[in-house]
Amino acid sequence: MQLLRLAGAPLAALLIAFPAAAQQKGPAYEPQVGQAGKDVIWVPTPDEVVDRMLRMAQVTPNDYVIDLGAGDGKIAIAAAKNFGARSMGIEYNPEMAKHAQENVLKAGATGKARIVQGDIFVTDFTQATVLTMYLLPALNLKLRPQVLAMRPGTRVVSHSFTMDDWEADESSSMDGRRAYFWVVPANVMGNWALEVTGGGASEKMELTLEQRYQKIEGSVHLGAAVQGGLRDARLRGFNVSFTYVDGKSVRRELSGRVSGGRMEGSYRADNGTEGRWAATRK
Ligand SMILES: C[S@@+](CC[C@H](N)C(=O)[O-])C[C@H]1O[C@@H](n2cnc3c(N)ncnc32)[C@H](O)[C@@H]1O
(Lines give C-alpha, C1' and ligand atoms only; values in the text may rest on other atoms or scores of the structure.)
Protein backbone atom coordinates (compact mmCIF):
# COMPACT_ATOMS: atom_id res chain seq x y z
CA MET A 1 0.00 0.00 0.00
CA GLN A 2 2.82 2.32 1.01
CA LEU A 3 4.60 1.55 -2.25
CA LEU A 4 1.46 2.11 -4.29
CA ARG A 5 0.98 5.51 -2.74
CA LEU A 6 4.61 6.44 -3.43
CA ALA A 7 4.33 5.39 -7.06
CA GLY A 8 1.67 8.03 -7.62
CA ALA A 9 3.42 10.78 -5.59
CA PRO A 10 4.90 13.79 -7.39
CA LEU A 11 8.72 14.02 -7.44
CA ALA A 12 8.76 17.08 -5.13
CA ALA A 13 6.80 15.14 -2.49
CA LEU A 14 9.28 12.27 -2.71
CA LEU A 15 12.22 14.64 -2.26
CA ILE A 16 10.60 16.09 0.86
CA ALA A 17 9.88 12.60 2.16
CA PHE A 18 13.40 11.27 1.45
CA PRO A 19 15.73 14.29 1.30
CA ALA A 20 18.83 12.31 2.32
CA ALA A 21 18.27 9.62 -0.33
CA ALA A 22 17.84 12.30 -3.00
CA GLN A 23 21.11 13.97 -2.10
CA GLN A 24 23.19 10.91 -1.26
CA LYS A 25 24.94 10.22 -4.55
CA GLY A 26 28.16 8.25 -4.40
CA PRO A 27 31.10 9.26 -6.57
CA ALA A 28 30.42 8.53 -10.24
CA TYR A 29 31.89 5.23 -11.43
CA GLU A 30 35.00 5.95 -13.47
CA PRO A 31 36.23 2.92 -15.43
CA GLN A 32 39.98 2.65 -15.86
CA VAL A 33 41.52 1.65 -19.18
CA GLY A 34 43.15 -1.73 -18.60
CA GLN A 35 40.87 -2.73 -15.75
CA ALA A 36 40.26 -6.45 -15.45
CA GLY A 37 37.26 -8.03 -17.15
CA LYS A 38 36.07 -11.61 -16.94
CA ASP A 39 37.93 -12.88 -20.01
CA VAL A 40 39.60 -9.71 -21.26
CA ILE A 41 40.49 -6.28 -19.91
CA TRP A 42 38.68 -3.09 -20.88
CA VAL A 43 40.31 -1.00 -23.59
CA PRO A 44 37.96 1.15 -25.65
CA THR A 45 38.06 1.05 -29.44
CA PRO A 46 39.00 4.51 -30.80
CA ASP A 47 36.14 6.43 -32.45
CA GLU A 48 37.55 6.27 -35.99
CA VAL A 49 37.93 2.48 -35.70
CA VAL A 50 34.35 2.14 -34.40
CA ASP A 51 33.15 4.19 -37.36
CA ARG A 52 35.10 2.10 -39.89
CA MET A 53 33.93 -1.16 -38.29
CA LEU A 54 30.30 -0.15 -38.66
CA ARG A 55 30.91 1.06 -42.23
CA MET A 56 32.69 -2.19 -43.18
CA ALA A 57 29.52 -3.97 -42.08
CA GLN A 58 27.44 -1.39 -44.00
CA VAL A 59 25.14 -0.98 -41.01
CA THR A 60 21.70 0.45 -41.82
CA PRO A 61 18.57 1.22 -39.75
CA ASN A 62 17.40 -2.32 -40.60
CA ASP A 63 20.24 -3.87 -38.64
CA TYR A 64 20.48 -5.24 -35.16
CA VAL A 65 24.07 -4.74 -34.01
CA ILE A 66 25.37 -6.68 -31.01
CA ASP A 67 28.72 -5.79 -29.43
CA LEU A 68 30.31 -8.66 -27.50
CA GLY A 69 32.03 -7.19 -24.43
CA ALA A 70 30.46 -3.75 -24.61
CA GLY A 71 32.78 -1.79 -22.30
CA ASP A 72 31.44 1.76 -22.02
CA GLY A 73 28.84 1.02 -24.71
CA LYS A 74 30.45 3.12 -27.42
CA ILE A 75 29.93 0.68 -30.31
CA ALA A 76 26.29 0.04 -29.45
CA ILE A 77 25.75 3.79 -29.07
CA ALA A 78 27.47 4.65 -32.38
CA ALA A 79 25.46 1.98 -34.21
CA ALA A 80 22.22 3.51 -32.90
CA LYS A 81 23.09 7.20 -33.11
CA ASN A 82 25.16 7.34 -36.29
CA PHE A 83 23.63 4.51 -38.29
CA GLY A 84 20.07 4.34 -36.96
CA ALA A 85 20.40 0.65 -36.09
CA ARG A 86 18.95 -1.16 -33.11
CA SER A 87 21.78 -2.33 -30.93
CA MET A 88 22.72 -4.24 -27.82
CA GLY A 89 25.98 -4.46 -25.91
CA ILE A 90 26.75 -7.42 -23.66
CA GLU A 91 29.04 -6.52 -20.76
CA TYR A 92 29.99 -8.85 -17.91
CA ASN A 93 31.19 -6.28 -15.36
CA PRO A 94 27.98 -5.06 -13.61
CA GLU A 95 29.39 -1.60 -12.81
CA MET A 96 30.63 -1.19 -16.36
CA ALA A 97 27.28 -2.35 -17.75
CA LYS A 98 25.50 0.24 -15.58
CA HIS A 99 27.97 2.92 -16.68
CA ALA A 100 27.42 1.97 -20.34
CA GLN A 101 23.64 2.09 -19.88
CA GLU A 102 24.04 5.60 -18.41
CA ASN A 103 26.08 6.52 -21.48
CA VAL A 104 23.22 5.27 -23.65
CA LEU A 105 20.89 7.60 -21.73
CA LYS A 106 23.29 10.56 -22.01
CA ALA A 107 23.69 9.93 -25.75
CA GLY A 108 19.90 10.02 -26.18
CA ALA A 109 20.02 6.51 -27.66
CA THR A 110 17.48 4.94 -25.31
CA GLY A 111 15.01 2.82 -27.23
CA LYS A 112 17.56 2.05 -29.95
CA ALA A 113 20.59 0.95 -27.92
CA ARG A 114 20.66 -1.08 -24.73
CA ILE A 115 23.30 -2.68 -22.60
CA VAL A 116 22.75 -5.97 -20.83
CA GLN A 117 24.89 -7.34 -18.06
CA GLY A 118 25.85 -10.82 -19.10
CA ASP A 119 28.50 -13.22 -20.27
CA ILE A 120 29.12 -13.42 -24.01
CA PHE A 121 29.44 -17.18 -23.63
CA VAL A 122 25.97 -17.41 -22.08
CA THR A 123 23.85 -14.51 -23.37
CA ASP A 124 22.10 -15.21 -26.67
CA PHE A 125 23.40 -13.09 -29.54
CA THR A 126 22.06 -15.17 -32.42
CA GLN A 127 19.54 -12.52 -33.47
CA ALA A 128 22.24 -10.03 -34.48
CA THR A 129 22.53 -9.10 -38.14
CA VAL A 130 25.88 -7.47 -37.33
CA LEU A 131 28.25 -8.71 -34.62
CA THR A 132 31.13 -6.58 -33.36
CA MET A 133 33.93 -7.51 -30.98
CA TYR A 134 37.21 -6.36 -29.53
CA LEU A 135 38.27 -9.36 -27.51
CA LEU A 136 41.31 -11.64 -27.93
CA PRO A 137 42.36 -14.22 -30.56
CA ALA A 138 41.56 -17.14 -28.25
CA LEU A 139 38.11 -15.71 -27.43
CA ASN A 140 37.33 -15.18 -31.13
CA LEU A 141 38.29 -18.78 -31.74
CA LYS A 142 36.11 -20.00 -28.87
CA LEU A 143 33.16 -18.00 -30.24
CA ARG A 144 33.76 -19.07 -33.83
CA PRO A 145 31.54 -22.20 -33.93
CA GLN A 146 28.62 -20.14 -32.61
CA VAL A 147 29.32 -17.34 -35.07
CA LEU A 148 29.50 -19.76 -38.00
CA ALA A 149 26.15 -21.25 -36.93
CA MET A 150 24.45 -17.84 -37.17
CA ARG A 151 22.15 -16.92 -40.05
CA PRO A 152 24.05 -16.87 -43.35
CA GLY A 153 24.71 -13.27 -44.30
CA THR A 154 25.36 -12.11 -40.72
CA ARG A 155 28.24 -9.62 -40.83
CA VAL A 156 31.00 -9.85 -38.26
CA VAL A 157 33.64 -7.24 -37.48
CA SER A 158 36.51 -7.68 -35.07
CA HIS A 159 38.87 -4.98 -33.89
CA SER A 160 42.49 -6.20 -33.89
CA PHE A 161 41.93 -9.94 -33.80
CA THR A 162 41.35 -12.56 -36.49
CA MET A 163 39.33 -15.79 -36.52
CA ASP A 164 42.37 -18.00 -36.99
CA ASP A 165 42.11 -19.90 -40.32
CA TRP A 166 38.68 -18.43 -41.19
CA GLU A 167 40.17 -15.73 -43.40
CA ALA A 168 38.57 -12.31 -43.36
CA ASP A 169 36.69 -11.01 -46.41
CA GLU A 170 38.22 -7.60 -45.76
CA SER A 171 40.66 -6.01 -43.39
CA SER A 172 40.95 -2.25 -42.98
CA SER A 173 43.61 -0.32 -41.13
CA MET A 174 43.29 2.95 -39.29
CA ASP A 175 46.41 4.57 -37.97
CA GLY A 176 48.09 1.21 -37.44
CA ARG A 177 45.00 -0.45 -35.99
CA ARG A 178 43.27 -3.18 -37.92
CA ALA A 179 39.68 -4.34 -38.19
CA TYR A 180 38.57 -7.58 -39.83
CA PHE A 181 35.29 -8.30 -41.59
CA TRP A 182 33.52 -11.59 -42.38
CA VAL A 183 30.14 -12.64 -43.74
CA VAL A 184 28.77 -15.85 -42.23
CA PRO A 185 28.58 -18.29 -45.15
CA ALA A 186 25.69 -20.64 -45.90
CA ASN A 187 26.48 -24.34 -45.78
CA VAL A 188 26.69 -25.64 -49.36
CA MET A 189 29.13 -28.51 -48.92
CA GLY A 190 28.04 -31.75 -50.59
CA ASN A 191 26.16 -33.13 -53.57
CA TRP A 192 23.26 -31.36 -55.24
CA ALA A 193 20.81 -32.30 -58.00
CA LEU A 194 21.12 -29.37 -60.40
CA GLU A 195 18.58 -28.49 -63.07
CA VAL A 196 19.29 -25.78 -65.61
CA THR A 197 16.36 -24.60 -67.75
CA GLY A 198 16.10 -22.04 -70.54
CA GLY A 199 15.87 -21.65 -74.30
CA GLY A 200 13.24 -24.40 -74.39
CA ALA A 201 15.60 -27.00 -72.95
CA SER A 202 16.32 -28.48 -69.56
CA GLU A 203 19.44 -30.23 -68.34
CA LYS A 204 19.86 -32.22 -65.17
CA MET A 205 23.21 -33.01 -63.63
CA GLU A 206 24.93 -33.54 -60.32
CA LEU A 207 26.77 -30.65 -58.72
CA THR A 208 29.43 -31.34 -56.10
CA LEU A 209 30.68 -28.55 -53.83
CA GLU A 210 33.63 -28.55 -51.48
CA GLN A 211 33.60 -25.82 -48.84
CA ARG A 212 35.99 -24.37 -46.33
CA TYR A 213 34.31 -21.42 -44.61
CA GLN A 214 33.36 -18.99 -47.46
CA LYS A 215 35.69 -20.62 -49.99
CA ILE A 216 34.12 -23.10 -52.39
CA GLU A 217 35.17 -25.17 -55.34
CA GLY A 218 33.54 -28.06 -57.13
CA SER A 219 32.40 -29.74 -60.31
CA VAL A 220 29.38 -30.70 -62.40
CA HIS A 221 28.87 -34.22 -63.66
CA LEU A 222 28.73 -33.80 -67.46
CA GLY A 223 28.64 -37.40 -68.61
CA ALA A 224 29.79 -40.87 -67.80
CA ALA A 225 33.36 -39.89 -66.99
CA VAL A 226 33.47 -36.11 -67.17
CA GLN A 227 33.53 -33.94 -64.05
CA GLY A 228 33.56 -30.39 -65.37
CA GLY A 229 35.37 -28.14 -62.94
CA LEU A 230 33.78 -24.92 -61.66
CA ARG A 231 35.34 -21.55 -62.39
CA ASP A 232 34.96 -18.40 -60.30
CA ALA A 233 33.03 -20.29 -57.61
CA ARG A 234 32.05 -17.80 -54.92
CA LEU A 235 29.96 -17.87 -51.77
CA ARG A 236 29.07 -14.75 -49.87
CA GLY A 237 26.52 -15.31 -47.11
CA PHE A 238 23.63 -16.96 -48.93
CA ASN A 239 24.68 -15.68 -52.37
CA VAL A 240 26.37 -18.28 -54.53
CA SER A 241 27.79 -18.07 -58.04
CA PHE A 242 29.89 -20.28 -60.30
CA THR A 243 30.65 -20.91 -63.94
CA TYR A 244 31.12 -24.12 -65.92
CA VAL A 245 31.63 -25.07 -69.55
CA ASP A 246 29.01 -27.61 -70.58
CA GLY A 247 29.30 -30.64 -72.88
CA LYS A 248 28.68 -28.44 -75.94
CA SER A 249 31.48 -25.94 -75.16
CA VAL A 250 29.00 -23.36 -73.83
CA ARG A 251 30.10 -21.36 -70.79
CA ARG A 252 27.30 -20.90 -68.28
CA GLU A 253 27.48 -18.37 -65.45
CA LEU A 254 25.07 -19.20 -62.65
CA SER A 255 24.21 -17.00 -59.71
CA GLY A 256 21.58 -17.43 -57.03
CA ARG A 257 20.73 -17.83 -53.39
CA VAL A 258 20.97 -20.67 -50.93
CA SER A 259 18.11 -21.40 -48.59
CA GLY A 260 18.64 -24.51 -46.49
CA GLY A 261 18.65 -27.53 -48.79
CA ARG A 262 17.79 -25.56 -51.91
CA MET A 263 19.59 -23.13 -54.18
CA GLU A 264 18.13 -21.28 -57.12
CA GLY A 265 18.81 -18.40 -59.41
CA SER A 266 19.44 -17.37 -62.98
CA TYR A 267 22.15 -18.03 -65.53
CA ARG A 268 23.62 -16.41 -68.57
CA ALA A 269 25.51 -18.35 -71.25
CA ASP A 270 28.10 -17.10 -73.72
CA ASN A 271 25.89 -18.25 -76.63
CA GLY A 272 23.42 -15.53 -75.63
CA THR A 273 20.90 -17.75 -73.84
CA GLU A 274 19.59 -17.00 -70.39
CA GLY A 275 17.52 -19.06 -68.00
CA ARG A 276 16.94 -20.31 -64.50
CA TRP A 277 18.54 -22.96 -62.37
CA ALA A 278 17.69 -24.76 -59.16
CA ALA A 279 19.48 -27.34 -57.07
CA THR A 280 18.31 -29.51 -54.21
CA ARG A 281 20.59 -31.19 -51.73
CA LYS A 282 20.99 -34.93 -52.33
C1 LIG B 1 38.65 -4.71 -24.97
S2 LIG B 1 37.14 -4.22 -24.20
C3 LIG B 1 36.17 -3.69 -25.60
C4 LIG B 1 35.05 -2.76 -25.23
C5 LIG B 1 34.20 -2.29 -26.44
N6 LIG B 1 33.66 -3.41 -27.17
C7 LIG B 1 35.02 -1.44 -27.34
O8 LIG B 1 35.43 -1.96 -28.40
O9 LIG B 1 35.25 -0.27 -27.03
C10 LIG B 1 36.41 -5.79 -23.74
C11 LIG B 1 35.23 -5.71 -22.78
O12 LIG B 1 34.71 -7.03 -22.62
C13 LIG B 1 34.30 -7.21 -21.27
N14 LIG B 1 34.28 -8.66 -21.01
C15 LIG B 1 35.32 -9.48 -20.72
N16 LIG B 1 34.92 -10.77 -20.64
C17 LIG B 1 33.58 -10.76 -20.88
C18 LIG B 1 32.58 -11.78 -20.96
N19 LIG B 1 32.86 -13.07 -20.77
N20 LIG B 1 31.31 -11.41 -21.23
C21 LIG B 1 30.99 -10.10 -21.42
N22 LIG B 1 31.89 -9.10 -21.37
C23 LIG B 1 33.18 -9.41 -21.12
C24 LIG B 1 35.33 -6.44 -20.48
O25 LIG B 1 34.82 -6.10 -19.20
C26 LIG B 1 35.56 -5.21 -21.38
O27 LIG B 1 34.68 -4.16 -21.05
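Q: How do you know that the length of helix α7 (residues 137-148) agrees with its 12 residues?
A: This is a predicted model. Helix α7 has 12 residues, and at 1.5 Å a residue they should span 16 Å. The expected span is 1.5 Å times one less than the number of residues. The end C-alpha atoms of α7 are 16 Å apart, so the two values agree.

Q: Which residues of α7 are called buried, and what makes them line one face of the helix?
A: Leu139, Asn140, Leu143, Arg144 and Val147 are buried. Seen down the axis of α7, the buried residues fall within an arc of 155°, so they line one face. An α-helix has 3.6 residues a turn, so residues three or four places apart point the same way.

Q: What lies on the other side of α7, and what do its buried residues pack against?
A: Ala138, Lys142 and Pro145 are exposed on the other side. The buried residues of α7 pack against β1, β4 and β5.

Q: Why is Ser158 called buried?
A: Buried means under 20% relative accessible area. Ser158 has 0% relative accessibility, so Ser158 counts as buried. Ser158 is found in strand β5 (residues 155-159).

Q: What makes the pairing of Ser158 and Asn140 a polar contact?
A: The cut-off for a pair of N or O atoms is 3.5 Å. The side chains of Ser158 and Asn140 make their polar contact at 3.2 Å. Asn140 is one of the buried residues of α7. The side chain of Ser158 also reaches the backbone oxygen of Phe161, at 2.6 Å.

Q: Which residues beyond its neighbours within four places in sequence are in contact with Ser158?
A: They are Met53, Met133, Asn140, Arg178, Ala179, Tyr180 and Trp182.

Q: What makes β3 and β6 the edge strands of the sheet?
A: The open sheet has 7 strands in the order β3-β2-β1-β4-β5-β7-β6, with mixed pairing. Strands β3 (113-117) and β6 (170-174) each pair on one side only. Neighbouring strands are turned by 20° against each other on average, direction ignored.

Q: How do you know that β1 and β4 pair?
A: Two strands pair if there are at least two bridges between them. Strands β1 (residues 64-68) and β4 (residues 130-133) have 4 bridges, in the parallel sense. Asp67 has Thr132 as its bridge partner in β4.

Key. Residues are numbered from 1 along each chain as its sequence is written. This is a predicted model: local features need pLDDT of at least 70, side-chain atom pairs count only at pLDDT 80 or more; totals for chains, interfaces and linings use all residues. Side-chain values use heavy atoms; hydrogens and water are left out. Helices (H or I, at least four residues) and strands (E, at least two) are DSSP runs, numbered from the N terminus. Buried means under 20% relative accessible area, exposed over 50%, partly exposed in between (1.4 Å probe, protein chains only). A polar contact is a pair of N or O atoms within 3.5 Å; within protein, one must be able to donate a hydrogen and the other to accept it, and residues adjacent in sequence count only if both atoms are side-chain atoms. Contact means heavy atoms within 4.5 Å. Axes are lines fitted to C-alpha atoms, for helices over the stretch in contact, and angles run from 0 to 180 degrees between N-to-C directions. The arc is that of the directions from the helix axis to the C-beta atoms.
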